[in-house]
Amino acid sequence: MRRVLLDQNAPRGLRLILRGHAVQTAYRVGWAELSNGELLRAAERDGFEVFVTCDQNIEHQKSLSGYSLAIVVLNTTHWPTMRANPQPVREAVERTAPGRYAVVTLPRPRLHRRAPPPRDMAE
């Protein structure tokens, strides 16, 4: 079991996918307003082992070297996509080593196009 912190942009439903781990949200622990760097430092100080975010730019915002927690980045915030593909998320949280960075690429949701409105015969 690992201590996992979910970033503000990660769906809370991830707690269901990560059953068996001690999962908290940044909001719940009072860190919703912290910047990414402050949030990562606070998570380390508090003993979290994994940080899960959907912020794909995090690697460009902050140097990720030197952190002792694993950082898992999901390519989508779309909960139905995560719920339909839980295994890659679980595996990344369980296997990403401390101080490492992993990107989980989930399939894009299918677009549902609406049928065009019927044309009026009087035109």
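# Strands, cores and rings

Reader: In which sense do β4 and strand β5 (residues 101-104) pair?
Author: Four bridges link β4 to β5, in what is a predicted model. To place them by residue, look at Ile71, which stands opposite Tyr101 in β5. The sense of the β4 and β5 pairing is parallel.

Reader: Thanks! And how many bridges join strand β3 to β4?
Author: Strand β3 spans residues 50-53 and runs parallel to β4. Phe51 has Ile71 as its bridge partner in β4. The number of bridges between β3 and β4 is four.

Reader: Does Ile71 count as buried or exposed?
Author: Ile71 has its place in strand β4. A residue under 20% relative accessible area is taken as buried. Ile71 has a relative accessibility of 1%, so the label is buried.

Reader: Ala70, Val72 and Leu74 point one way from β4, so which residues point the other way?
Author: Good one to check in the viewer. β4 is mostly covered, with five of its five residues buried. Ala70, Val72 and Leu74 make up one side of the strand. On the other side are Ile71 and Val73.

Reader: Which residue has its backbone nitrogen 2.8 Å from a polar atom of the side chain of Asn75?
Author: Asn75 sits in the loop between β4 and α4 (79-84), and its relative accessible area of 10% makes it buried. Beyond its neighbours within four places in sequence, the contacts of Asn75 are Gln56, Val104, Thr105, Leu106 and Arg108. The backbone nitrogen at 2.8 Å belongs to Leu106.

Reader: Which residue is the bridge partner of Val4 in β3?
Author: β1 pairs with β2 in the parallel sense over four bridges, and there Leu5 has Gln24 as a partner in β2. With β3, β1 also pairs in the parallel sense, over three bridges. The β3 partner of Val4 is Val50.

Reader: Of the 20 residues in the largest nonpolar core, which touch the most other members?
Author: At least two residues of this core come from each of β1 (3-6), α1 (14-17), β3, β4, α4 and α5 (86-95). Val52 shows how these parts meet: apart from neighbours within four places in sequence, its contacts include Val4, Leu14, Val72, Leu74 and Val93. The residues touching the most other members are Leu14, Val52 and Leu74.

Reader: How many residues are in the second, separate core?
Author: Trp31, Leu39, Phe48 and Tyr67 are among the members of that core. Trp31 is buried at 15% relative accessibility, and Phe48 is buried at 4%. The residue count of the second core is 14.

Reader: What is the angle between the planes of Trp31 and Phe48?
Author: A search of the whole structure gives one aromatic pair. In that pair, Trp31 and Phe48 are 6.0 Å apart, centre to centre. Planes over 60 degrees apart count as edge-to-face, and this pair is edge-to-face at 75 degrees.

Reader: How many residues apart in sequence are the parts that this pair ties together?
Author: Trp31 belongs to the loop between β2 (22-25) and α2 (36-45). Phe48 belongs to the loop between α2 and β3, so the pair links parts whose separation in sequence is 17 residues.

Reader: Which residue lies over the face of Phe48?
Author: Phe48 is the buried ring with 4% relative accessibility. Over its face, at 4.1 Å from the ring centre, lies Arg3.

Technical notes
Residues numbered from 1 in each chain as written. Predicted model: local features only at pLDDT ≥ 70, side-chain atom pairs only at ≥ 80, totals over all residues. Heavy atoms only, no water. Buried < 20%, exposed > 50% of the residue type's maximum accessible area, 1.4 Å probe, protein only. Polar contact = N/O pair within 3.5 Å; in protein donor to acceptor, adjacent residues only side chain to side chain. Contact = heavy atoms within 4.5 Å. Pairing = 2+ DSSP bridges. Phe/Tyr/Trp six-rings, centres within 6.5 Å; stacked < 30°, edge-to-face > 60°. Lys NZ or Arg CZ within 6 Å of the ring centre and 35° of its normal. Core = buried A, V, L, I, M, F, W, Y, C linked by side-chain atoms within 4.5 Å.
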